[in-house]
Amino acid sequence: MSYTLPDSRHAAETLDEHDILGHAHDFFDLPNGKVYLVGHSLGPATHNALDALEMAGGRSWRNELVKAWNSASWFDLPQTVGNKIARLIGANEGEVLIADSVSLNLYKLASAARTLARTSTLIVEEDEFPTDQYIIEALAALAGADFVRVAPGEGLNTVEATGGVLVLSAVNYRSAEIRDIADAERRAQAGGGVIVWDLSHATGVIALDMKASGARLATGCTYKYLNGGPGAPAFLYIDQSLTARLSTPLPGWMGHARPFAFEPSYDPANNIRRFASGTPPILSLAALSGALEVFEGIDIGLVQAKARALGDLVIERVKGMGLEVTSPEDAACRGGHVSFTHPHGYEVVQALINRGVLADFRAPETIRFGVSPLYLRFTEVWDAMDDLKDILDHDAWDDPAYRQRDTVT
Ligand SMILES: Cc1ncc(COP(=O)(O)O)c(C=O)c1O
């Protein structure tokens, strides 16, 4: 089946009825009466994730106590769960490790990447997610390396010219613009440069093939489209042919070849585990492992096709509402969310939330609608856009209650 753009609510209903991914909705434990357009920020709970959490905490931890590190194979979880993600990003088994946060992994990978690059210059574009910028700038200061912050879209020219290390998002967190990974790798490598990919907004929603694209290093979060849960740990990917040449700047005991020999000096594991630092968060890992079950047997190409159609539906229906689209209108260039600006974006989002449509806001005025394909229906998106139109037509956002800002927006 193909996903087409529905031009009526009835057409949206028909698409939902024949949706080949429709069964995935049943995996999710969603609250009634809500349209959840924030799966690009925090994916919702699945039954399998909650069951796995209960099993790890209520059974293994409670009954087996410390023995569960062996009996429940807790020690291996960062690699076994990493293998589940490997399939989703086009990597091989043994090339993905669950560890730390994206922020820490960017630090570790960018530091390691310097030994592969022609020069030690560290590069980031100024519209990257803030943590990517902060981490790379701090690493450069600590390492005494040149740091270059360039205009959006200039990272590739700079890495080609300098042969340094560029941190680049596969899908931009604000606009959802997609980067061509294979083309970027070709250009960077031609100049002796290295790219560390941030796959946070790409994994689980667009088809990635890290091996075929020639990508060498990447990290990404698991709490967005992978639905791993709040604070779920990140993953990192290293092309296997490079692992033995790379060292982590944070050599903790969990990355040691023999962590339980308690040796005074560091000897890195001979596989991707050398990029682990401390004890992994087992309860979160267990939940993530359960969450990933929804992807079993699912073709990510189909997930991406549905994300494109849902995004097109949002863009089409928002036309004439007075919002400015800041995501690519060409679905082939767009990831899993669609962004708009409105001078009162925060208030508009609050008014939507008040009607049960959860969207998110990024300062200063970006409204983001995440169209996570595994649980969202075309009719839900259709109806949510009706709510948005009503709010904008009647200035329903203009209410003092909607101006009150929470800590997390
Ligand atoms: C593109 C991108 N990179 C990095 C991060 C931060 O990840 P973490 O909090 O795991 O360090 C986020 C968080 O949303 C993100 O969207």
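Over the ring of which residue does the charged end of Arg317 sit? The ring is that of Trp382, with the charged end of Arg317 3.9 Å from its centre. Arg405 does something along these lines too, its charged end sitting over the ring of Tyr346, 4.3 Å from the centre. For a charge to sit over a ring, NZ of Lys or CZ of Arg has to be within 6 Å of the ring centre and within 35 degrees of the ring normal.

A word on the ground rules. This is a predicted model, where local features need pLDDT of at least 70 and side-chain atom pairs count only at pLDDT 80 or more, while totals for chains, interfaces and linings use all residues. Residues are numbered from 1 along each chain as its sequence is written, and side-chain values use heavy atoms, with hydrogens and water left out.

Tyr346 also turns up in an aromatic pair. Its partner is Phe361, in an edge-to-face arrangement with 5.4 Å centre to centre and 80° between the planes. Rings of Phe, Tyr and Trp (for Trp, the six-membered ring) pair if their centres lie within 6.5 Å; planes under 30 degrees apart count as stacked, over 60 as edge-to-face and the rest as tilted. Tyr346 lies in helix 13 (residues 345–354) and Phe361 in strand 12 (residues 360–362), so the pair ties together parts 15 residues apart in sequence. Helices (H or I, at least four residues) and strands (E, at least two) are DSSP runs, numbered from the N terminus. Tyr346 is buried at 3% relative accessibility, and Phe361 is buried at 1%. Buried means under 20% relative accessible area, exposed over 50%, and partly exposed in between (1.4 Å probe, protein chains only).

Searching the whole structure gives eleven aromatic pairs. One of them, Trp253 with Phe262, is stacked, at 6.0 Å centre to centre and 25° between the planes. Here Trp253 is partly exposed at 36% relative accessible area, and Phe262 is exposed at 60%. Ring pairs also link these two with Phe75 and Phe260 into a cluster.

Then there is strand 10 (residues 337–341), where five of five residues are buried. In a regular strand the side chains alternate between the two faces of the sheet. Both faces of strand 10 are covered, with His337, Ser339 and Thr341 on one side and Val338 and Phe340 on the other. Strand 10 pairs with strand 9 (residues 324–325) in the antiparallel sense over two bridges, pairing requiring that DSSP finds at least two bridges. Glu324 stands opposite Thr341. Strand 13 (residues 366–370) also runs antiparallel to strand 10, joined by five bridges, and Gly370 is the bridge partner of His337.
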